[in-house]
Amino acid sequence: MNNSRLLVWTDQGLYCPLGDFFIDPLKKVSRAVITHAHSDHARAGSKAYLTVADGCSVLRARIAKKAHIESINYSEVVDVNGVKLSFHPAGHVLGSSQVKLEYRGEIWVVSGDYKIHPDPTCIPFEPIRCHTFVTESTFALPIYRWTSCDKIYSDINQWWQSNRDRGLASFLHVYSLGKAQRILASIDATIGPIFVHKAVKKINDAYAAAGVRLPGAGVLGETENADLSGSLVIGPVSDPGAFVGDGGYRVASASGWMRTRRHRRASRLDRGFILSDHADWDGLLEVIEETGAERVIVVNGFVHPLVRWCRDRGKVAGGTSTISGIVNEDAKATDVTSQSADSDFGGSTHETTGVTFTGQEPSTPTVRNGASDTPDLPLFSGARIFDGGCRIIDGAIETDDGELQGFDRGCYQTSFGELCLQLDGSSQGRITALSGYLQDANDVDAAHALRLLRGIEPRQILRASILREMAISESELSDWMYRLCHDESGDLIETISLIVPAAVKSGSYSLDALMAKVNHLQQIDIEDRPQQIKQLWQEIGYEDRMVLNRVIAGGFRVEEPMLAPALSLMTGVDERALAYQLRVGGSSVDYNAIIAGAARLSDVMPHPFHRFEDVDRPAQLFDLPPADLWSEIRWDGIRAQIIRRGKQTLLWSSEGQLLSDLFPELIDAAALLPDHTVIEGDILGWKQADVLPLSSLKRRLKSAATKKMKEEVPVIFMAHDILQERGNDLRNEVFVDRRSRLEVVLSATDGKSEQEVQQLQLFSPCRLQLNPLLRLAHASNLSSHEELNDRLQMVETLKSDGLGIKLGSSLYGVDQAPWFYLRPSPVIVNAALVSVKVPRGENEEVEFTLALMQEGELVPVAKMPSLELGEVDSGRLLEFIRNNTVEKFGPVRVLKPDLIFELACAGIQISNRHKAGLTVRRSKVLRWCGEVNEYPVHSVDVLRPVTN
């Protein structure tokens with residue numbers, strides 16, 4: 001083989017000195033050979049472009065209408081200064097090509113981007129025999145393996161149809177060139193209306209000019225007030241809500257990156273479809289072997305793994321991760337140059353820039369521009385100005401014998417393994433997926449699913465570390481390759497499931513059949529289990545293999561918080577009742593019984609709570625008549641409703657949590673209430689005639705109501721309102737009348753005349769209480785607005801949580817005007833920012849920790865998700881964090897305590913669990929003070945006099 005310098009790497013991109021042209025240049029050049037029209041391969045501004053005829057219309061649409069574009073057909077050879085150049089199908093998008101260069105018997109092939117899976121909108125990939133092969137490596141890790149495209153199209157159809165049936169719009173985020181057209185040509189266009197983003201419409205027109213027929217579609221935003229309910233919207237839509245108005249919608253993505261859980265969760269979409277326009281790991285290896293190349297140059301993606309794989313098999317290999325300069329449609333630009341992705345040819349090692357693909361040092365190219373002044377003439381000898389198209393009819397590829405090769409798109413039902421992949425999306429996406437699965441599954445499979453999702457699973461059959469060694473052995477991966485796979489996935493069981501080679505004949509088990517296999521594994525000797533598991537790996541697909549491995553290792557992910565809303569969506573039964581039934585159902589797996597039990601709770605569900613609105617100053621209420629303002633001293637407790645119906649008594653929190661089994665003493669006390677009565681109030685920790693801190697009360701929420709716990713944290717129910725009495729709905733009565741009824745209901749009035757009852761109530765309502773645990777909150781109206789300040793002062797003296805203000809003429813309900821809440825004035829202190837917790841998962845928030853001084857050291861007193869700073873100060877804060885981080889503990893960044901904020905502290909309570917000896921429940925940063933030497937940090941002792 002000749003040692004000619006066919007290609008070298010320069011700062012302008014990949015350059016052929018002999019032919020004097022660039023392939024997919026990074027900057028403006030005189031002659032640009034373009035593999036395809038994606039923006040990381042085709043850039044505007046060059047004087048002349050050469051591409052394959054099938055891709056000319058797309059290239060012109062992407063760079064400029066007046067660009068000088070010349071073309072040749074696939075396999076047609078053009079001589080450029082003695083270098084024979086030809087294009088060959090790459091199967092990536094319409095007009096995507098491999099560039100074959102031949103000079104004095106030496107053949108180089110630059111692949112561009114390619115895939116070997118079928119695509120009805122472009123010519124299939126054609127392997128080319130060569131000496132040197134320049135290959136992409138977007139998905140060059142063994143965890144990236146693609147499944148049937150037809151299965152993906154069916155899943156998209158199913159998702160769209162399900163959304164359509166619920167009147168929702170379906171937004172599918174895909175790249176505007178290639179992926180969008182591939183999906184349009186492959187889905188069932190009869191399901192409903194189709195809209196495309198304007199960027200997709202532009203490319204669709206170019207595809208049509210090349211002879212590709214796609215289904216008709218409207219253009220998003222062209223028609224005002226277009227009804228998108230039930231439609232599919234394809235393209236890069238950043239804000240779906242701006243187009244649907246009051247309508248609902250779901251958002252999905254189709255990308256190869258959806259293969260791993262880490263990327264699915266990071267996307268925060270409702271659904272992820274694993275569909276890529278790039279070759280997977282097996283495809284890359286297959287193509288490299290088919291080329292017969294002795295030398296392999298790896299670019300764009302996971303360069304290091306593919307280079308080492310080639311070298312381990314005796315090939316000369318090297319690479320660079322920056323040949324394309326920017327990221328393309330699927331390429332997530334994983335930088336692997338830091339992993340020693342050296343480019344060693346003939347003993348010379350080069351870094352990311354300065355790579356000479358022949359092993360020689362790069363030189364500055366000499367570009368001849370003589371022909372550039374005649375743009376109407378071909379600048380590439382033998383080429384022609386574009387005038388042709390490709391042969392694609394109705395989404396099928398026309399072969400030389402005239403037959404059409406279509407694709408069978410069967411109907412698929414979601415398996416439990418596929419469901420588990422969908423549980424990594426947004427909350428709404430998980431709820432929808434769970435609901436759909438449970439609705440379609442038979443009772444036995446649904447029962448197994450409930451057990452697994454609630455964390456009720458068989459004991460561990462084999463340790464995950466053993467499974468890992470088994471998977472490495474089965475896949476024949478080296479340790480370094482496994483580590484790269486695990487680093488990319490971030491999930492041990494997922495990595496194990498992905499690296500095991502796909503079974504030649506893989507079936508999809510029902511969940512019942514899969515659990516039967518698990519039960520069989522439990523019955524056999526532990527030394528026989530590995531061989532049985534390996535056999536199972538070869539019998540089932542990746543999704544089921546993931547479920548099997550999680551169950552075997554005893555680490556199945558619990559999704560119980562999603563079950564109640566999913567079952568509610570499916571059945572219409574109240575979500576709160578379902579959540580309670582799931583919690584008290586023990587190990588029950590009969591989901592029909594769970595639903596039936598929840599349905600029976602429908603008569604004892606709480607009414608929607610009337611909302612309060614915080615008021616900063618009493619003067620804000622001066623426009624309301626004082627006689628109509630009723631004040632209540634409110635304590636820091638759990639707002640709840642006691643519901644008495646027949647023989648049932650239930651206690652519901654305002655958060656929808658059923659608390660009956662956590663506070664049985666209140667349930668016993670409420671048994672004295674009249675039947676069909678609903679009372680609203682606060683659960684308070686109450687000991688020795690004093691209200692306990694909320695932190696003490698919360699202990700009751702975390703453990704069973706044991707005798708010891710009830711003695712340590714006794715409780716009362718402080719009643720504020722009555723919503724139903726003896727079956728009569730009182731919510732449409734004014735508060736003054738409801739209050740009178742509440743006093744009567746909570747009074748021991750048996751055997752007393754009405755006059756005696758009124759006198760006793762006037763003298764002391766507490767003497768009339770029905771039960772010591774059911775207390776009547778003090779409430780009275782105002783004689784003047786000025787009295788508000790006096791009552792607020794009483795709140796500060798009592799160290800209560802605040803003053804509730806209700807209108808005596810108000811009705812009860814969330815649709816009514818809000819009540820008001822006045823809180824004591826906060827304590828203002830200077831606090832130092834000492835740490836920041838960086839969010840890692842979907843449900844995590846950033847957390848800032850501020851501290852005060854105590855005995856010469858800083859102790860945390862407040863944690864908050866936001867400092868509510870302006871844009872300028874937020875930028876300064878980020879810069880401070882970067883420059884002043886002294887330690888890192890996982891997601892926590894410990895900072896130099898040099899930044900001071902003015903902090904308003906309210907809800908201050910004594911706490912033995914905190915180092916400061918107190919906790920601040922409601923705190924707010926008022927302003928950025930400055931450096932610590934200008935604004936000294938205050939002491940914790942400033943807060944102690946106002947602790948509740």
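What covers the buried residues of α11?

Mentor: This is a predicted model, in which local features need pLDDT of at least 70 and side-chain atom pairs count only at pLDDT 80 or more, while totals for chains, interfaces and linings use all residues. Residues are numbered from 1 along each chain as its sequence is written, and side-chain values use heavy atoms, with hydrogens and water left out.

The cover of the buried residues of α11 includes α9, α10 (427-440), α15 (511-523), α17, α18 (560-571) and α20 (591-600). Covering here rests on contact, meaning heavy atoms within 4.5 Å. Helices are DSSP runs of H or I with at least four residues, numbered from the N terminus.

Helix α11 runs over residues 443-453, and eight of its eleven residues are buried, that is, under 20% relative accessible area with a 1.4 Å probe and protein chains only. They are Asp-445, Ala-446, Ala-447, His-448, Ala-449, Leu-450, Leu-452 and Leu-453. After the helix comes Gly-455, with a positive phi near 80 degrees.

One of the covering helices is α17. Twelve of the twelve residues of α17 are buried, so the rest of the structure largely encloses it. Its end C-alpha atoms are 16 Å apart, in agreement with the 16 Å that twelve residues should span at 1.5 Å a residue; the expected span is 1.5 Å times one less than the number of residues. Just after α17, Gly-554 has a positive phi of about 70 degrees.

The structure holds six cavities of 30 Å³ or more. A cavity is a set of points on a 1 Å grid over the protein atoms alone where a 1.4 Å probe fits but cannot get out, and lining residues have an atom within 4 Å of a point. Two or more lining residues come from each of α6 (261-267), α9 (416-422) and α17 (542-553), and α17 gives the largest share, three residues.

Key. On a 1 Å grid over the protein atoms alone, a cavity is a set of points where a 1.4 Å probe fits but cannot get out, and a pocket is an open set with protein on both sides within 12 Å along at least five of seven lines; lining residues have an atom within 4 Å of a point. Grid points are joined across faces, edges and corners, and a volume is the space filled by probe spheres set on the points. Buried means under 20% relative accessible area, exposed over 50%, partly exposed in between (1.4 Å probe, protein chains only).
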